[in-house]
Amino acid sequence: MPDQIKVRRLFSLTDAELQGLSAVLCDCVEGGASVSFMQPFSADQSQAFWRNVGESVARGERALLVAEGAAGIVGTVQVVLGQPDNQPHRGDVSKMLVSRSARRHGVGALLMEAAETTARACGKTLLVLDTASADAERLYERMGWTRLGVIPGYALLPQGGLCDTTYYYRILPPTDAVLDNPVWHALISAQRGMAQLHGLAARFRPDISPLAGLREPTVQALEDLRTLARPGEQLWLLSDGPLDLPPCWREVRARFIDQMVSTGGRPRRVSGFVELGENDVADMAALVELTKPGPFEAHTRDMGAYLGVRDPDGRLVAMSGQRMNLMHYREISAVCSHPDARGRGLTAPLMEELMGRIVAEGKTPFLHVKTENDSAKAVYRKLGFTVRRAIYFSIIEAV
Ligand SMILES: CC(C)(COP(=O)(O)OP(=O)(O)OC[C@H]1O[C@@H](n2cnc3c(N)ncnc32)[C@H](O)[C@@H]1OP(=O)(O)O)[C@@H](O)C(=O)NCCC(=O)NCCS
């Protein structure tokens, strides 16, 4: 049976999908599953529940997966993505349901596998669930979940009578899929304190960076982002590919650039550099203006460590810094040296020091570079970076 079953993530609900999901839930409640509802449970109640789920899915708060065969939807599971600010890495697995007629054919296992893959792709590294079903307990334990313990008399069974619930958790290995959407993942995790969020969109505070991210590259997310921008303001986005812009945005510039990740180079701790602080911001801005490595705002340097080299006369001639910070990755950025100081080997040691600090935090360094910038890429390759992928960079202006 699993051969004919496909699991798919839904981002909105059609009428047919709503009916199919409602039927699965009604069947499970009728079968005695303790999944929030009491008998008698009507189709209307079920549909009202799924309509709410559909709205929550559209708001990006949860991922909804369905298992479908020739006859339509036979199973479903959700991962609740929206969590308190201090738990961006956690997801809750909920409403894992398979119609009675489709059980014991591996559909539950397929759904669980897909839920874990989806959660990882959304940057989740910890999943939690609880269940009142012995069938489900065996499934979760078979799939590597850790059993925490039982709360007795936790809920009512649909036909009445108390049942226990058993809590499980699962630690997911981090995935590099978060690097496909790095700004969003930085803004909802390590750099949440620098973020402005609305619905499916987030941006850094304007005095920090013009970088912005979308949970998904949808028109709704871009409209959400518009509420975070002033008219005429330009924001910088990184995405899989070209964006379908609604009328509230105008594309200023867009192209593919390369994303490089450190793959086991030898980061060293070096000397001969200075830590750049608040008093250096004017010099940093001047070097950025001259060499154009990327945007530099009044508080960009708050994003991480910035290191520089000054000539004997005090002039700042090279600098490198840290920009995006994710749970398991940190970006190196603002790599630049004064035209007079090029060829003196100033850049590599600064980067090695930054890489050493990132690795010491248990994270992996990554960076972005123009595809055709062969001289910079040669330096990065020597330091152990390889191109992970081409990523689409766009500057868009709020209309
Ligand atoms: C829990 C639940 C989702 C499991 O779904 P499922 O599709 O039956 O799950 P699977 O088919 O992957 O596994 C169930 C069993 O079938 C077995 N199985 C899987 N494929 C099989 C096959 N081709 N042939 C024979 N047996 C098979 C599995 O080994 C497993 O055996 P076990 O129960 O003895 O350990 C389902 O029972 C359900 O919806 N219950 C009601 C709702 C509920 O309580 N959900 C849990 C909320 S947390």
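Trainee: Where is the place of P40?

Mentor: P40 sits in the loop between α1 (15-30) and α2 (43-58), where helices (H or I, at least four residues) and strands (E, at least two) are DSSP runs, numbered from the N terminus. Residues are numbered from 1 along each chain as its sequence is written. Please keep in mind that this is a predicted model, in which local features need pLDDT of at least 70 and side-chain atom pairs count only at pLDDT 80 or more, while totals for chains, interfaces and linings use all residues.

Trainee: OK, and is the peptide bond from Q39 to P40 cis or trans?

Mentor: The bond that leads from Q39 into P40 is cis, and its omega is near -5°. As background, most peptide bonds are trans, and most residues other than glycine have a negative phi.

Trainee: Then which phi does S36 have, and where is its place?

Mentor: S36 is not a glycine, yet its phi is positive, at about 95°, and S36 too is found in the loop between α1 and α2.

Trainee: Why does S36 count as partly exposed?

Mentor: S36 counts as partly exposed because it has 14 C-beta neighbours inside 10 Å. A residue is buried if 20 or more other C-beta atoms lie within 10 Å of its own, exposed if 12 or fewer, and partly exposed in between, with C-beta atoms placed from the backbone.

Trainee: What about phi of K292?

Mentor: K292, again a residue other than glycine, has a positive phi near 50°, and its position is in the loop between α7 (281-291) and β14 (306-310). K292 counts as exposed, because 9 C-beta neighbours lie inside 10 Å.

Trainee: Changing topic, which residues are closest to the ligand?

Mentor: The closest are R103, G108, A109, T131 and S133, out of 20 residues that surround the ligand, and a residue is near a molecule if its C-beta atom, placed from the backbone, lies within 6 Å of it.

Trainee: Which element gives the most to that shell around the ligand?

Mentor: That is α4, with four residues. By class, the shell has eleven nonpolar, five polar and four charged residues, where Ala, Val, Leu, Ile, Met, Phe, Trp, Tyr, Cys and Pro count as nonpolar, Asp, Glu, Lys and Arg as charged, and the others, Gly among them, as polar.

Trainee: Last one: which domains does the domain assignment give?

Mentor: The assignment, which is automatic or from a database, gives domain 1 (2-171) and domain 2 (174-399). Their centres, taken over C-alpha atoms, are separated by 38 Å.
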